[in-house]
Every structure is written in structure tokens, then in C-alpha cells.
Amino acid sequence: MKVLMLGWELPPHNSGGLGVACYQLAEALAGHGAKIDFILPRKHPIHKSITFMNVHGLDNPAELSADAGLPIPKPVSESMFQAGAYDPFSSDIIIEHEAYTKQTLKFVNNQNYDVMHAHDWLTLGAAMEIKKLHNLPLIAHVHATEFDRAGGSTGHPLIHEIEQNGLLMADLVVAVSHRTKQHINEAYGIPLDKIVVMHNSIDLNDFTSYVDGGSYRYIQQRREEGYLIVTTMGRLTTQKGLEYFLRAAAKASQRLDKFVFVVGGDGELRNELLMQSAQLGIASQVVFTGFVRGKKWRDLYKESDIFVMSSVSEPFGLTALEAAAHDSALILTNQSGVSEVLDHALRYDFWDEDRLADQLINLASSQSLTPLLKKSAYEELRGLSWDSVARYCMDRYAHLTSGVSEVKV
Amino acid sequence: MTALVIYLHVHQPFRVSPYSIFSVGYDHDYFDDSRSPVDQRNEIILKKVAEKSYIPANAMLLDLLQKHPDFKISLSITGTFIEQCRAWCPEVLTSFQRLVATGRVDIVAETYHHSLAFFYSRFEFEKQVMMHRDLIRDVFGVTPKVFRNTELAYNDQIGKWADEAGYRAVLAEGWDPVLQGKSSNYVYKPPNTERTKLLLKNYRLSDDIAFRFSNREWSEWPLTADKYHSWLPHGDEQVINLFMDYETFGEHQWSDTGIFEFFPELIDRINSDDHYCFKTVTQAAELPAMDEVPMESTVTWADAERDLSAWLGNPMQQESLEALYRLEYEVLSCQDQTIIDRWRLLQTSDHVYYMDIKHSSDGDVHAYFSPYGSPYDAFMYFMNAVRDIRWQLSEHQNRRNT
């Protein structure tokens, strides 16, 4: 099975769960015999070590023998990447999308594939062009819609259009949760029987060898003094619901001075959130770590007792699974897709600050609740694997390419 | 002659409504229905079950009692159930009174609050048993002579206690692994006791009705009165103890399963078979004991494990009850009857049952009966209520000091 996979990011070059999910899925698919060409706007040197598939970066026209006359994605320096200054979802995104589409189309010429698997709207422009020219079966994999990214506001009209056209044209749409499936159906009118759900997953083995620690001495010390470390992680955008999170944090702290709140990540709302925590009078209890990668990122999980996914709208929320793999108890909004794969988590509606505060106080005042949630969620993770996701995905490929697809457009 | 001893357990808990930490110190009614979604309100649930089960099933039982002068049955009815009937469904209580007035319906003793107090405080346990006895006298004019502990949770100490308290018998699960080859179809006694007998549930025949009756996957479905009659042992057995939840009739087995037709037919069949008779639990306790049956560890009638793990199996459940009973001395000495009453209502075993997280077919049964979204919610509402009691006790203390 030759697969053309169109993606926007891969770890460690990623800004969020999209890259991780693409990498893990591709690796598991390769394990099932898929030969994958993975197209990225930019290739990081570390991607050379990936052996289970061919990673192609469009920022290297020589490698691609692409047309140098077309716009080329701007290269990113290593220093920008390390500092978090490189944002794959920059404001030039429409231009980047254009470049990606043209270069990919050029690259695909003269190649033979059985199926095309495109991740999120940024790759859909290219996918549609390729489908028109080469009639390749298209799987559009939705990790987030523009509605999710807009977090309650309307989003970019052009992006909506690309997203909708791509999903209409796809032979099969993959949603990362039932919630997202429903959303795609309602927002874009894609029939439910054309959409399948493939929940993201996690392989616990990837986390067992981790022995770092020590990045956050202050947090460690507070923890040893009996404070509960409550962490949230992600891009600081409206979508993540952090304003509600901070208000709940203040309410819980007023009742019980036993919490340290850690906000991991960076984004457009950072200054507002800093100001808000000061206004709420909890600035000293809230730690903003800024953008973290690698060891600092893993240590953040490791130093947490409780991980909160406060999103207003979260198609999946892979960080919750990662946090559980690092032995955190989970609190998830009912608006998060990850909620569908884990029973052992506390849940609230993103706007319900009282309920989140109540849950935090209960976790802090009970001997049994936090350990039990940690243990039970970890047990649930044992039942998850990317391998079973890939097996299902291969089965879908086979249906599409054999022409006996159950899913007719 | 073999006696059929049919015993039904009637109970409703006062479920804790979604009680937030922000209510602690302000609102002390943890059972206030107005906080709950409509279909999870205590009043609504009672009325629903009354319509589906208590009213039609009592009509059926009264009919059988009138038709067959030898038909007898035993019931245990909790204090919390009677309180709810008085508040919301007095006609249900009247229908139970009508049954007991026939003189052929026995009432079984138990804790007023359907609690696990025996395992935490002997003093509180005895108080609740007395409260229940007084209530039963008041409502039905009878005094129970046979004891059952909540969820049939039984061990040798309970047998010993019942003997000293003068009960003629205790009801327990006839669980094979502890019977060691003995049959539940005979009367036994607990070790080191004078008079008390042990009546053991025949769980296979009981569960055929209580659990399997409507199960279409079951090879014996559909169960008919003739078939069931043919399964009854017909040798020298003393008793066949059919113990089950009363709500089997109409609530666990809905009316459309045919349960209300099956049961009267079955009673007809048995009544016309000379090998069998009916006895109340008190009458069965008059039969001679064949042997002693020791049960060192606690045996219950629930789940595949037949132990207390459905109530005390996980640390949340243990912490809840430990936190509650730790307040016993302070609560009982605070002289505020409302606090004492609410503290007791929190002892109802259902609260910790809702916190069960066992992942088995049993877990599904738990989820079916839970009014909450998750076991963790059940734990938090409960613990918040305990916090409010603690808050009120400190307030009392402060007032006394000033």
C-alpha cells in the first residue's frame, strides 16, 4: 500500500498534538506494511533519522526537484525553533498554504500512490488538486476544524471554504472524536456515513524509560511542602478556555491555600492571562512557564498532580493522554474529545468555574481521590494503542482502493 | 414437606443531590431534590417505582393472600423507604399495611437507614436497629423476630449479636464456597449461639427470577411457572429460601416481561403441590437446625464476589465512610436532631455503592442504579456533605464556647 501523506508538522518541530498524532499514526501504519511518503512544508534535520517512512520537506527544492519559480516556504533556523519563535501556524498562513499546494502538486507528478491521506485544512488545497489530476482516493483527517481553532468566534472565511471543499471532495473523512464527527456534519453538511471516528491513542511503552526531572525546582519544593500542582498545557488561545480555568483557580484558592497552578505554553492571550491572574489576586500561585519543549515539557507533566484540559472546544486533546501516562489525575471539559476514550477522569463544562473549583478542592482534601484517578486512568491507557488505530486505518485504505468502498460519495 | 420461604427487600435511599463545596456552610440539606435533574430526584424516582412496582406488586400479593389461605411471605422495609412514602406516596404505605394486616406477612428487622454501621460502630448499629423496630411497631403494629443486615452482609459476629439480641434467625447468602458442600435448603445455626438460626438464600433459584427472568440470552428463557416448579428440589429439604429485592417485580423485571403473570401462576402451582408449603421467616426459624455454618469473613448477596467490595472495595468508598463515622461522637453529642438525622441518612449504603468503579458486568449494574454521571461525582457530593456536617459541628462548638 503506497500512501501519500500530507502533513503540516512532525515532532519535535510541532506546536501541538497534530504533529504527534501524525507521527504516531504513520509509524503504526508502516508497521502494517504501508509505504509512506510524508510531505511537510519544512524538514528539520532530525527528521532524517525517521526510517519508517520518507519525509520530504518542501523548503528544499533541490531535494524535491520542484520548480524553483514557485513560492518556497521560508526556511526556519535552528535557533528560532529552539526558542519557540517558529510558529507553523503563523499569520502568513494563507500564503504558506498556497506554497504548500503548488509545491506538493509538482512533487507528486510522476509518482504512483494507492491512496492519499491529508491531515487538516492546510493540506487540503493540495489534496484537492491532486485528486482532480490523478484521481487518487482521498482521506481527509480532521484533527481540528476552523471552528475549534476560532474558539467560539467565527474563524477565517477562506479557511472555512477550503476546509468545506476538501471535506466534500474527500472519499472518506476521519474525525478524531465523535464530537468532531458531529461537528463536521453540522457545520459543513458532510453526511455522517462518510465520516469515521479514529480516536488518537498512546503507547505507554514510549513513556516508561523517562527518568528526567529537575527543571522546576520551585514547583518541586512546593509539592514537597504538600501543595497540589495543577497543570494545564497548550497554546494560550481562546480555544483553551484558560480565562475560566483561572477564575476557578481563584475560587479554589480562596477556600484552600494548597494549590500551585501551572500554565504551560505560549500564545496570543499570554499577557491577558497574566493580567487576569493578577486581578484575581492569585498571581503568586500561578506559574507561566512559557513555551516548553523536550525535557522541560516532559518535566512539567512529571511535576503535576492534576492535569486540567480546560478547552472550550477540543476535537481530541492528546496532552491529556500524555499527562495520564506521566501519572497525573485528569480533569477534562465535557467539550473535549479525549473524554470519549477515558472513563476515569473528572469532568466539567468549560464555563462551570464552580464545578472545577469544587473538583480541585475535593482532590486536595481527599486522601484517596487523586491516587485512585491516577491509577485508574493509567490502567485505561494500557488498553489503548496506535497499532489498533492503524489496523483500522489500513482496513479503510483497502476498502477505498479495492473499489468496493462501503463509503460512497 | 418443603417450605417455600419467600422474602422481599423494600428500600429507597435518600440520594445526595449535586452538592457543591460552595454550598458547604450555607445549605445543609444534602438531599434537596431541587438541585438534581428531574429524573434523578428522590421524589420522582419513588413515584416512578411506585407506579411500576410497589402498587401493582402489592395488588398482586394481596390478591394471592386472599386467594390462597396458606400463602405467606416476608418483607424487610427500610426506615428511609417509609419516610419517603409518608412524604410522597402515602397510598403505597397503606398498601403495605394491608398486606401485613392479613397476618401472613412477616416483617424482618434491619437497620433503619440501610447502613453498614455494624462494621463501624456497634453502638450506632444497635441504635438504628431499635429505631427500625420502633418504626415498624408504629406503622404495622408488629415486632420483627428475624434479622437481616444491610445487603445480607453477614459474618459470625452478626450471628452472635443476633443471638444475644434474641432474634430467632438471621438471613444470609447461601454462597457455595462458604457452605463447603452443605445445601442452602436446610436450616442451620451460627457457631457458639443458643437459639438463633441461619436461613440461607438459595441464590440460583432466587436469581433465576430476580436477574435472569427477562434475559433472552439465557438458555432457559422464557421461564414458565411449570418449568420453575419442576426445578424445585423435591426430596427431604426443609426450606427453599427465595430472597430478592422487592423491586424485582416491575422495576428490575418490567411488567412487559410477564413477571406479574409468572409469579401468581407459580404460587398456584406450588399451592396445589402437596410436597410444598409456605412459611414466613419466623415460622422457618422454628425448624430444627441441621448443623452449624461458620462464616468468618463477611458474605453479602451482591456481585460475583459476594463480599463488601461493591461498597468498600476502593479507597474512595473507604475514605467516605471513615470520614462519616469519625464524626460519630461529635454528632451524637451536638444535641441538634437535624444534624444527627442527616448524618444517619448519609450512612445509607447506596451512597458508597454509587462510588464503585469495578469494571465488570457488575459495574454495569451499579451504573444502572446510579443517579450520577460518574462514581467520582458521587464521592465529591458525599464528601462535601460530610464537610458541611463538620462545619456545622465547629459552629456548634464555637457557640458553646462563647
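A salt bridge joins B:Asp377 to A:Arg355, with the closest N and O atoms 2.9 Å apart. The model is predicted. Between chain A and chain B the count is one salt bridge. Polar contacts between these chains number twelve residue pairs, both residues being at pLDDT 80 or more. On chain A, helices H11 (242-255), H15 (353-365) and H16 (369-382) each supply at least two residues of the side that touches chain B. H15(A) gives the largest share, eight residues. By class, this side of chain A holds seven nonpolar, eight polar and six charged residues.

In total, 21 residues of chain A contact 20 residues of chain B. The two chains bury about 1700 Å² between them, and 59% of this area lies on carbon and sulfur atoms. A:Arg255, A:Asn362 and A:Leu372 supply 30% of the area that chain A buries against chain B, more than any other three residues.

Chain B itself is divided into domain 1 (2-292) and domain 2 (310-401). Their centres, taken over C-alpha atoms, are 24 Å apart. Contacts link 38 residues of domain 1 of chain B with 31 residues of domain 2. About 3000 Å² is buried between these domains, 63% of it on carbon and sulfur atoms. B:Val16, B:Tyr30 and B:Tyr120 supply 21% of the area that domain 1 buries against domain 2, more than any other three residues.

The count between the two domains of chain B is one salt bridge. B:Glu124 and B:Arg344 meet through their side chains in a salt bridge (2.6 Å, N to O). Helix H4 (residues 122-140) of chain B gives the most to the side of domain 1 that touches domain 2, with five residues. That side comprises 16 nonpolar, 15 polar and seven charged residues.

Notes: Residues are numbered from 1 along each chain as its sequence is written. Chains are lettered from A and ligands numbered from 1 in the order in which they are written. This is a predicted model: local features need pLDDT of at least 70, side-chain atom pairs count only at pLDDT 80 or more; totals for chains, interfaces and linings use all residues. Side-chain values use heavy atoms; hydrogens and water are left out. Contact means heavy atoms within 4.5 Å. Buried area is the accessible area (1.4 Å probe) that two parts lose on being put together, summed over both. A salt bridge is a side-chain nitrogen of Lys or Arg within 4 Å of a carboxyl oxygen of Asp or Glu. A polar contact is a pair of N or O atoms within 3.5 Å; within protein, one must be able to donate a hydrogen and the other to accept it, and residues adjacent in sequence count only if both atoms are side-chain atoms. Helices (H or I, at least four residues) and strands (E, at least two) are DSSP runs, numbered from the N terminus. Ala, Val, Leu, Ile, Met, Phe, Trp, Tyr, Cys and Pro count as nonpolar, Asp, Glu, Lys and Arg as charged, and the others, Gly among them, as polar. Domain bounds come from an automatic or database domain assignment.
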